[in-house]
Amino acid sequence: MDSHMELKYNLVTQPESSLIKIDQLGNPVPEAKFNLYAADNLDTSIATGTTDGAGRFIFMDPEDSTPLTIQDLYDKYKNSKDAAGNNLIVEETDTPAGYRTIDQVGLYFCESVQGEVLLLSNSIWTKGLRHA
């Protein structure tokens, strides 16, 4: 028997949030492990992950393994701040052989004139880590 059912849906893709670790020449660093924390609570990680072959680490929700968007992080952690004004902290927990481990990197939210939420770092050039 043939089916005449048609399924339509309208899903809007929400871009995930990620970081890219690069070396001093701008090349990606794979297999680096990171934890993400709220700036006012470094005892419990929000997300953990390992950079892929492109040096990219996607923030994944540990409860359901779905990608975290900047909006998700902003809604939950916009009021989480340390003394330097950071909302989130990224910490490298394992570094591939031959590469330098970065210190903790502070990230902060910035709302654009158009109302878009951005996640920025003050240490893009000194730590080799940038938001993707």
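## Basis of the model

Because the model is predicted, local features need pLDDT of at least 70 and side-chain atom pairs count only at pLDDT 80 or more, while totals for chains, interfaces and linings use all residues. Residues are numbered from 1 along each chain as its sequence is written, and side-chain values use heavy atoms, with hydrogens and water left out.

## The sheet

Five strands form an open sheet in the order β3-β2-β5-β6-β7, and their pairing is antiparallel. Strands β3 (41-50) and β7 (117-121) are the edges, each pairing on one side only. On average, neighbouring strands of this sheet are turned by 30 degrees against each other, direction ignored. Strands (E, at least two residues) and helices (H or I, at least four) are DSSP runs, numbered from the N terminus; two strands pair if DSSP finds at least two bridges between them. Axes are lines fitted to C-alpha atoms, for helices over the stretch in contact, and angles run from 0 to 180 degrees between N-to-C directions.

Within the sheet, β5 (residues 88-94) and β6 (residues 105-111) pair in the antiparallel sense over three bridges. V90 stands opposite V105 in β6.

## The helix and Y74

Helix α1 (residues 70-77) lies across β2 (33-38), β3, β5, β6 and β7, and runs at about 95 degrees to β6. Y74 is located in this helix. With 18% relative accessibility, Y74 counts as buried, a class defined as under 20% relative accessible area, with exposed over 50% and partly exposed in between (1.4 Å probe, protein chains only).

Leaving aside its neighbours within four places in sequence, Y74 is in contact with F109, E111 and V117, contact meaning heavy atoms within 4.5 Å. Y74 and F109 are 35 residues apart in sequence, with a C-alpha to C-alpha distance of 7.0 Å. The side chains of Y74 and E111 make a polar contact (3.5 Å). Such a contact is a pair of N or O atoms within 3.5 Å; within protein, one must be able to donate a hydrogen and the other to accept it, and residues adjacent in sequence count only if both atoms are side-chain atoms.

## The salt bridge

The structure holds one salt bridge, defined as a side-chain nitrogen of Lys or Arg within 4 Å of a carboxyl oxygen of Asp or Glu. K21 forms a salt bridge with E92, and the closest N and O atoms are 2.7 Å apart. Since K21 lies in strand β1 (residues 18-21) and E92 in strand β5, the pair ties together parts that are 71 residues apart in sequence.

K21 is buried, with a relative accessible area of 3%. E92 also counts as buried, at 6% relative accessibility.
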